[in-house]
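This briefing is for a reader new to the structure. It covers cavities, helix packing and backbone geometry, in that order.

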Amino acid sequence: MPLGTRSASTRFARLLPRVAVAATAALTLAACGGGDSDKADTAKSGETGAAAGAFPVTLEHKYGSTTIAEQPRKVVTLGLSDQDAVLALGVKPVGAVDWFKEQPYGKWPWAKDLWGSAPPQVVGERDEYNMEKIAALKPDLIIAQYSGMKKEQYDTLSKIAKVVAQPKGSEDYQATWQVMTKQIGKALGKDAETGKLIAGIDARFKAVRDKHPEWKGKTVSVGEPYEPGKFSAFSPKDPKVIFLSEMGFTTSEAYRTALGKENVADLSSERLDVMEADRTVWLGTAETEAAMKADPLYRKTKVHQEKRDLFLPYDSPDIGAALSFNTVLSIPYAIDQVVPKLEAVK
């Protein structure tokens with residue numbers, strides 16, 4: 001969901017405070033040391049339960065490759081939704097970044113129970129990491145799949161622990177949930193469990209496609225109004241659009257051309273033609289929905305006049321958030337919430 005030209009959740013991004021990045025000297029000092037007290041701490045976070053013979057393992061990523069020699073004991077996740085796959089594989093990260101200003105262990109119904117009474121240390125917001133806090137946790141593995149981590153950040157973090165950066169060959173925030181989940185599973189030595197998780201989600205999507213063959217080939221667009229006369233349109237490779245495509249929908253050539261390589265394009269009402277589709281999905285709040293429906297230019301669009309548009313809230317229930325996460329934990333929740341609403345659009 002995040003940045004092409006700006007935040008993918010425009011409503012929440014403007015509320016996010018900036019996190020200062022600590023000096024390299026401070027983090028290097030904090031990263032040193034260890035010993036018996038560190039081993040005691042790892043017991044609280046639990047073993048990853050890796051398969052025998054899973055290590056050493058080498059993973060390729062955006063900034064090269066990382067070899068993990070033995071089973072990770074303390075994991076920090078820096079991707080905005082990476083913690084979901086880690087939790088699904090039975091591991092509680094000791095550190096994670098905040099997104100939506102809800103904290104990674106906040107209210108999300110698909111992950112709340114798995115966190116239990118052991119929340120992680122919040123070590124940053126979006127792509128700004130508090131290096132000092134990360135170093136103080138003394139992790140042996142840092143995962144940053146759904147992130148915009150820069151090379152300088154990767155180099156600094158690599159002085160603390162092994163780092164598995166964004167998937168190779170994908171733009172930031174545009175790797176599929178399957179690719180990111182496989183990377184995480186491999187890093188944790190849990191290939192078999194990962195395969196089962198992915199197969200289970202694939203089966204859920206197939207069940208939807210089988211029930212709704214009429215959705216196959218229908219075009220879809222996904223956007224978010226953020227102030228009167230302005231909206232964001234999301235790339236075909238954005239998690240929200242990927243989610244819908246796995247139920248049979250596709251995007252038009254005009255939509256793909258308008259987005260180009262951007263994950264998010266900010267447009268004015270004069271470009272609402274970009275959003276014309278068999279189904280146009282808008283995320284936001286009751287206020288942004290009312291503003292969009294009151295926009296004279298939007299009221300002239302065919303998708304609105306023919307009642308083929310669908311407005312989904314970010315929260316209450318957390319549909320937009322689930323679509324934005326698009327993880328092995330949030331997808332089942334999103335399917336249960338979204339499918340009935342799509343069925344209601346004729």
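The second largest cavity is lined by Pro 225, Tyr 226, Glu 227, Pro 228, Gly 229, Lys 230, Ser 269, Thr 288, Ala 291, Met 292 and Asp 295. The model is predicted, so local features need pLDDT of at least 70 and side-chain atom pairs count only at pLDDT 80 or more, while totals for chains, interfaces and linings use all residues. Residues are numbered from 1 along each chain as its sequence is written, and side-chain values use heavy atoms, with hydrogens and water left out.

**Cavities**

- On a 1 Å grid over the protein atoms alone, a cavity is a set of points where a 1.4 Å probe fits but cannot get out, and lining residues have an atom within 4 Å of a point.
- A volume is the space filled by probe spheres set on the points, with grid points joined across faces, edges and corners.
- The second largest cavity holds about 60 Å³ of space.
- Its lining takes at least two residues each from strand E9 (220-227) and helix H12 (286-294); helices (H or I, at least four residues) and strands (E, at least two) are DSSP runs numbered from the N terminus.
- By class, this second lining has 5 nonpolar, 3 polar and 3 charged residues; Ala, Val, Leu, Ile, Met, Phe, Trp, Tyr, Cys and Pro count as nonpolar, Asp, Glu, Lys and Arg as charged, and the others, Gly among them, as polar.
- In total, the structure holds 2 cavities of 30 Å³ or more.
- The largest cavity has a volume of about 100 Å³, and of the 13 residues lining it, Ser 81, Ala 85, Met 180, Thr 181 and Thr 327 are the closest to its centre.
- Helix H4 (82-88) and H8 are the elements that give two or more residues to the lining of the largest cavity, and H8 gives the most, with 4 residues.
- The lining of the largest cavity divides into 6 nonpolar, 5 polar and 2 charged residues.

**Helix packing**

- The axes of helix H8 (residues 177-187) and H9 come within 8 Å and cross at roughly 160°; axes are lines fitted to C-alpha atoms, for helices over the stretch in contact, and angles run from 0 to 180 degrees between N-to-C directions.
- H8 and H9 are therefore roughly antiparallel to each other, the term for angles over 145 degrees.
- From H8, Trp 177, Gln 178, Thr 181, Lys 182, Gly 185 and Lys 186 make the contact, and from H9, Asp 191, Thr 194, Ile 198, Ile 201, Asp 202 and Phe 205; contact means heavy atoms within 4.5 Å.
- The contact of H8 with H9 has 4 nonpolar, 4 polar and 4 charged residues.
- Helix H9 (residues 191-211) also packs with helix H16 (residues 330-343), at an angle of about 10° and with the axes 11 Å apart.
- H9 and H16 are therefore roughly parallel to each other, as angles under 35 degrees are classed.
- The residues of the contact of H9 with H16 divide into 7 nonpolar, no polar and 4 charged.

**Backbone geometry**

- Most residues other than glycine have a negative phi, and most peptide bonds are trans.
- Phe 100 is not a glycine but has a positive phi of about 70°.
- A cis peptide bond, with omega about 0°, joins Phe 55 and Pro 56.

Note on methods: Parallel < 35°, antiparallel > 145°, perpendicular 65-115°, else oblique. 1 Å grid on protein atoms, 1.4 Å probe; cavity = no way out; pocket = protein on both sides within 12 Å on 5 of 7 lines; lining within 4 Å.
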